Amino acid sequence: MIKRRLVQREKEEIITTWIIINNSSLSGHIKKHFFASLSLLGLLIFSSVVIVNLLGSSSFEPLFRFGLLPPSSRNINKDCDYSNGRWVRRTSPSLGLLYGEECRFLDSGFRCRKNGRNDSGYLHWRWQPHGCDLPRFNASDFLERSRNGRIVFVGDSIGRNQWESLMCMLSQAIPNKSEIYEVNGNPITKHKGFLSVRFPQQNLTVEYHRTPFLVVIGRPPENSTEEIKTTVRVDEFNWQSKRWVGSDVLVFNTGHWWNEDKTVLTGCYFEEGRKVNKTMGVMEAFGKSLKTWKSWVLKRLDPDKSHVFFRSYSPVHYRNGTWNLGGLCDAEMEPETDKRKMEPDATHNRYIYDVIEDMRYQHSKVKFLNITYLTEFRKDGHPSRYREQGTPVDAPQDCSHWCLPGVPDTWNAILYAQLLSMNYRTK
C-alpha cells in the first residue's frame, strides 16, 4: 500500500510539472530534455508498478520457497488466526510440495504412495486462513533463525509424524543432504525412543522424544491389586524432561493415549501422591497431568529463550467402526465439504487451552498450536489400508497417522508463522 501511494504521488508530480512547462515560454531545447527525462521517469514508475504487482502475486512463490526472498519482505500478521479457514486446491500442484517420499527421514509407514496408494489428490491442497495469508515456509530462513539451537518435539507418534515432516521440510535447503545425520546412529524407521537429527552447517539439532502421556507411566505401588498392571503418575513429569531444558523451540502433544481403551481397560490406572485412585476418570487425570506440565515449564524453562508450543488434538477419521472394530477411511479421496459430518472439537483441547491461558503472564512464549479444525477436514490424508510392507493383511486401517508429504506440513507452516510473529531467532 505504501509503495502504491509513492507511485501515485510521482504520477501527480509529473502531471503538475507537465502543465507548468506547457504554459511557460521555455525553449524547445529545454522541452526536448524535459521530455527525455519524463520518459525515463515514466519507465521507472512502470517498473515500480510491475514489481509491486509481482510481489503480491503467486509467481514469486518459488523465490519465497527456496529462500531467495527473506520473510522480512512480507508482512507477518501477528493477529492472524491461522486455525480458521478452508482448504483450497492448488492451481499448480508442483509448487506446493516441499519434499517427496524419497526423503530419508520418513518412517516407511507414512510413505503412502510407495505403499500402494495410487491417487495423489491429497497432496494438492493448501490451507487458506480467513482474512489473512499463511506465510510460505522458508527452510533457509528457518534454519538460519535456529542456528546453534535445538528444536524438540515431545509426545506420541502423531508428534513423530510432525517431527519427520519438519525434518524433510528443512532438509530441502541443504544441498548435500547426506551431511545430515542422527547423532547416535539410530535408524529413523520403527525407533521408539529418543532421536536427534543434526544439521551440521547450522549446528542445529531437531529432536523427537517419545512420551505419549508426558507424565510418568510405570509400575504400580507395592501391594496393589492384580488388576492394576501399570499406573500413570499424573503428578510426576516424565523423567526424560531433563534433556529438554535449554531448548529453543519445544512442541508438545498428547491426547491419543488419554482414553479408557488405552488406560483403565488395559489395567492402567491413575496414581497421585503415590496412591492409586481407581475412581479418577481419564479427563480428570488428563487435567492434572497438564498442571504438572505447566509447573515444569514455569520452573525449568527460560521464558526469554524457550518458545513453547502445545499442539492441539489431531483428529482421527475412522468410519463405520472404531480402529479395533473395522473402522475404515480408505474410500476418502478429498477433504470433507459437509461440515455436518465433522466431529466436534476434542475435549482435550479445552483443557490444554485453559492451562496455557493460565500461563500467559508467567511465560509469554507459551502458545497453543491449534490445528484441530483444519485437520478435521482432511479425512483423505491418512495411510488407511496402505500400510508398510510386512503389515498383516487383517491389520486395522491407520486413520490416525498422516501420509507424508501431507497434512503435518501445514502444521509446521503454522508453527513457522507463529515463530515469525514472535521474532524468533536463537541467541
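Because the model is predicted, local features are reported at a pLDDT of at least 70 and side-chain atom pairs at pLDDT 80 or more, whereas totals for chains, interfaces and linings use all residues. Residues are numbered from 1 along each chain as its sequence is written, and side-chain values use heavy atoms, with hydrogens and water left out.

The protein contains 9 helices and 13 strands; helices (H or I, at least four residues) and strands (E, at least two) are DSSP runs numbered from the N terminus. Of its 427 residues, 49% are buried, where buried denotes a relative accessible area under 20%, exposed one over 50%, and partly exposed the range in between (1.4 Å probe, protein chains only). The accessible surface is about 21700 Å², and carbon and sulfur atoms contribute 52% of this area; accessible areas were calculated by the Shrake-Rupley method with a 1.4 Å probe, and for residues only the protein chains shown count as cover. Among contacts (heavy atoms within 4.5 Å) with a separation of 6 or more, 77% involve residues 24 or more positions apart.

Strands are taken to pair if DSSP finds at least two bridges between them. E4 and E5 are antiparallel and share 2 bridges, with Glu182 opposite Val197 of E5. E5 and E6 are likewise antiparallel, joined by 6 bridges, and Val197 stands opposite Val206 of E6. The hairpin of E5 and E6 has 4 residues between the strands, and Asn203 adopts a positive phi near 50° there. Elsewhere in the sheet, strand E9 (residues 249-252) runs parallel to strand E12 (residues 307-311) and is joined to it by 4 bridges; Val249 has His307 of E12 as its bridge partner.

Axes are lines fitted to C-alpha atoms, for helices over the stretch in contact, and angles between N-to-C directions run from 0 to 180 degrees.

H6 also packs with helix H7 (residues 347-359), at an angle of about 30° and with the axes 10 Å apart. The two helices are therefore roughly parallel, a term applied to angles under 35 degrees. The contact includes Met283, Phe286, Leu290 and Trp293 of H6, together with His348, Tyr351, Ile352 and Val355 of H7.

A second open sheet has 4 strands in the order E7-E8-E10-E11, again with mixed pairing. E7 and strand E11 (275-277) are its edge strands, each pairing on one side only. On average, neighbouring strands of this sheet are turned by 35° against each other, direction ignored. E7 and E8 are antiparallel over 4 bridges, and Gly218 has Thr231 of E8 as its bridge partner. H6 packs on this sheet too, touching E7, E8 and strand E10 (268-272), with its direction at about 35° to that of E8.

Gln418 belongs to helix H9 (residues 407-421) and counts as buried at 16% relative accessibility. Beyond its neighbours within four places in sequence, Gln418 is in contact with Phe309, Lys367, Phe368 and Leu369. Glu227 is located in the loop between strand E7 (215-218) and strand E8 (230-237) and is partly exposed, with a relative accessible area of 41%. Residues up to four places away in sequence aside, Glu227 touches Gly267, Tyr269 and Lys278; its C-alpha atom is 9.8 Å from that of Leu265, 38 residues apart in sequence. Gly116, in the loop between strand E1 (85-89) and strand E2 (125-129), is partly exposed at 34% relative accessibility. The C-alpha atoms of Gly116 and Arg385 are separated by 9.0 Å, although the two are 269 residues apart along the chain.

Note on methods. Parallel < 35°, antiparallel > 145°, perpendicular 65-115°, else oblique.
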